[in-house]
Amino acid sequence: VGSRSAMEMFSGDRADLFAEVCGAFDRLQARYSPIVLEGAGSISELNLRDRDITNLRMALHAQAVVYLVADIDKGGVFGSVYGTIQLLRPEERALIRGVIVNKFRGDIRLFLDGQRMLSELVGLPVYVVPYFRDVYLDEEDGLHLSQRQRCADATAAGGCGSPAEGVGPVVNICVVLVPHLSNFTDFTALEAP
């Protein structure tokens with residue numbers, strides 16, 4: 001409890017917090033199966049992995065089966081996957097069961113050689129998921145905050161999500177969109193339909 005700067009938060013030992021997280025996981029694991037752990041950010045956070053609650057640190061505790069998901073839509077999938085796998089420690093690498101190349105657009109036959117090459121490079125099976133246009137999942141970690149800001153600006157001008165005519169009183173709720181905001185989808189329920 002209290003207020004800490006980012007430097008104070010990330011430069012100290014977080015063993016007490018990690019122990020709490022592990023305890024919570026252990027309690028859930030005793031009652032439920034399966035448990036899905038979803039991590040945000042990279043799995044090879046070299047500067048944080050020994051002192052923060054990083055993805056693979058938790059996966060090691062859970063002895064989880066891990067799949068690395070790579071977004072081909074952004075480009076650089078070969079270097080990204082290969083580099084990520086190479087940066088892992090042997091015990092972390094042993095958890096990885098495969099690579100999922102996400103958001104592939106076009107004729108999958110054009111990527112079959114790439115799929116085979118990537119699999120040979122990293123020594124893991126590589127699966128490909130096509131791009132689906134009409135699937136709406138929550139974004140993570142503020143990656144699309146600028147789009148939300150544009151929509152908020154348009155709403156103020158009478159567009160993008162403005163209340164329909166004849167609707168009763170309107171409550172305006174403002175959320176400060178800071179560039180480092182995490183879990184901003186917590187506020188989605190407050191948006192206009």
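I'll start with R49: apart from neighbours within four places in sequence, R49 is in contact with T54, R57, L87, L88, R89 and E92, where contact means heavy atoms within 4.5 Å. This is a predicted model, in which local features need pLDDT of at least 70 and side-chain atom pairs count only at pLDDT 80 or more, while totals for chains, interfaces and linings use all residues. Residues are numbered from 1 along each chain as its sequence is written, and side-chain values use heavy atoms, with hydrogens and water left out.

Back to R49. R49 sits in the loop between helix 2 (15–31) and helix 3 (55–62); helices (H or I, at least four residues) and strands (E, at least two) are DSSP runs, numbered from the N terminus. Is R49 buried or exposed? R49 is buried, at 15% relative accessible area. The cut-offs are under 20% for buried, over 50% for exposed, and partly exposed in between (1.4 Å probe, protein chains only). The R49 side chain has a polar contact of 3.1 Å with the side chain of E92, and R49 also reaches the backbone oxygen of L87 at 3.4 Å. A polar contact here is a pair of N or O atoms within 3.5 Å; within protein, one must be able to donate a hydrogen and the other to accept it, and residues adjacent in sequence count only if both atoms are side-chain atoms.

Next, M58, which is in helix 3. M58 is buried, with a relative accessible area of 9%. Leaving out neighbours within four places in sequence, M58 contacts F18, V21, C22, F25 and L37. For M58 and F18, which are 40 residues apart along the chain, the C-alpha atoms are separated by 8.4 Å.

Now the core. The largest nonpolar core has 27 residues, and V81, I85, I96, V99, V101 and V122 touch the most other members. Such a core is a set of buried Ala, Val, Leu, Ile, Met, Phe, Trp, Tyr and Cys residues joined through side-chain atoms within 4.5 Å. Which elements give two or more residues to this core? They are helix 2, helix 3, strand 1 (66–71), helix 4 (77–87), strand 2 (96–104) and helix 6 (112–122). V99, not counting residues up to four places away in sequence, touches L68, V81, V122, L124, P125, V126 and Y127.

On to charges. How many salt bridges does the structure hold? There are seven, a salt bridge being a side-chain nitrogen of Lys or Arg within 4 Å of a carboxyl oxygen of Asp or Glu. One of them joins K103 and D71 at 3.5 Å, N to O. K103 is in strand 2 and D71 in strand 1, so this pair ties together parts 32 residues apart in sequence. K103 is partly exposed at 28% relative accessibility, and D71 is partly exposed at 23%.

R109 and D107 form another, with the closest N and O atoms 2.5 Å apart. R109 counts as exposed at 62%, whereas D107 is partly exposed at 30%.

E120 and R116 also meet in a salt bridge, at 3.4 Å, N to O. The two are four residues apart in helix 6, so about one helical turn separates E120 and R116. E120 is exposed at 56% relative accessibility, and R116 is partly exposed at 41%. Salt bridges with shared partners also join D71, K74 and K103 into one network.
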